[in-house]
Amino acid sequence: MKKVILTFAVLAITQVGLAQAKKAAPKAEAAVATTSITSDEAFKKDVMKVIERGETGTQMDAVKKQIIGMIPEDKQAAFLVEFDAIIAKVYDGTAKIFMEEYTREDVKAILAFYDSPVGKKMAEKAPVIMTKSQESMMSLQGEVQELMGKYMQ
């Protein structure tokens, strides 16, 4: 349960940061507005593939699996509809950042990597690595809290 709450806290903080970054980058929005809509739609479609296949998608899938187990079975379908709407907002915000920070060529190269043997292996291993990493971090939680207590006095 702590992992789920921590994950959502990180996502909430990320979204606040995304909103602030958007306010601070009006010239990037102006540059995007000058390109054709068809080109932007194709670019965003590729970016969404990168997000879904990358770390964000892996994290969202893991969070979804953790949370769905806590929801009564008769309410899971309704929960998933609303949860997927939230995830769509996360993906949309992340896509805007990707489109500001990466070129179309960068995104094509990332997708080519994901289609390579090592990229496929990375995607396959990502859930296992993420779970093990979370477990490792959780084992250090007590030490971090102790350290914080030491310096907060």
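**Figure 1. Lys44 and its salt-bridge partner Asp92.** In this predicted model, Lys44 is partly exposed, with a relative accessibility of 28%. Its partner here is Asp92: the two form a salt bridge whose closest N and O atoms sit 2.3 Å apart. Lys44 belongs to helix H3 (residues 37–53) and Asp92 to helix H5 (residues 76–101), so this pair ties together parts of the chain that are 48 residues apart in sequence. Asp92 is also partly exposed, at 26% relative accessible area. While you're looking at Asp92, find Val47 too: these two are 45 residues apart in sequence, yet their C-alpha atoms are 9.7 Å apart in space.

**Figure 2. Asp92 again, this time with Lys96.** Stay with Asp92 in helix H5 and look for the side chain of Lys96, which meets that of Asp92 in a salt bridge (3.7 Å, N to O). Both residues are in helix H5, four residues apart, or about one turn of the helix. Salt bridges with shared partners link Lys44, Asp92 and Lys96 into one network. How exposed is Lys96? Lys96 has a relative accessible area of 37%, so it counts as partly exposed.

**Figure 3. Asp46 reaches across to Lys108.** Here's another salt bridge, between Asp46 and Lys108, with the closest N and O atoms 2.7 Å apart. Asp46 is in helix H3 and Lys108 is in helix H6, so the pair ties together parts 62 residues apart in sequence. Is Asp46 buried or exposed? At 11% relative accessibility, Asp46 falls under the 20% cut-off, so it counts as buried.

**Figure 4. Helix H6 and its buried face.** Helix H6 takes in residues 104–115. With twelve residues at 1.5 Å a residue, H6 should span 16 Å, and its end C-alpha atoms are 17 Å apart, which agrees. Which residues of H6 are buried? They are Val107, Leu111 and Tyr114. Look down the axis of H6 and its buried residues fall within an arc of 55 degrees, so they line one face of the helix.

**Figure 5. Phe79 and Phe83, a stacked pair.** Three aromatic pairs come up in a search of the whole structure. One of them is Phe79 with Phe83, a stacked pair with ring centres 5.3 Å apart and 20 degrees between the planes. Both residues are in helix H5, and because they are four residues apart, about one helical turn separates them.

**Figure 6. Phe98 and Tyr102, a tilted pair.** The ring centres of Phe98 and Tyr102 are 5.3 Å apart, and their planes meet at 55 degrees, so this pair is tilted. How accessible are the two partners? Phe98 comes in at 19% relative accessibility, so it counts as buried. Tyr102, at 35%, counts as partly exposed.

Figure 7. Where does Leu140 lie? You'll find Leu140 in the loop between helix H7 (117–139) and helix H8 (141–152). With a relative accessible area of 41%, Leu140 is partly exposed.

**Figure 8. Stepping back to the whole chain.** After the close-ups, here's the overall layout. The protein chain has eight helices and zero strands, and reading along the sequence gives the pattern α-α-α-α-α-α-α-α. How much of the chain is buried? Of its 153 residues, 23% are buried.

Note on methods: Residues are numbered from 1 along each chain as its sequence is written. This is a predicted model: local features need pLDDT of at least 70, side-chain atom pairs count only at pLDDT 80 or more; totals for chains, interfaces and linings use all residues. Side-chain values use heavy atoms; hydrogens and water are left out. Helices (H or I, at least four residues) and strands (E, at least two) are DSSP runs, numbered from the N terminus. Buried means under 20% relative accessible area, exposed over 50%, partly exposed in between (1.4 Å probe, protein chains only). The expected span of a helix is 1.5 Å times one less than its number of residues. The arc is that of the directions from the helix axis to the C-beta atoms. A salt bridge is a side-chain nitrogen of Lys or Arg within 4 Å of a carboxyl oxygen of Asp or Glu. Rings of Phe, Tyr and Trp (its six-membered ring) pair if their centres lie within 6.5 Å; planes under 30 degrees apart count as stacked, over 60 as edge-to-face and the rest as tilted.
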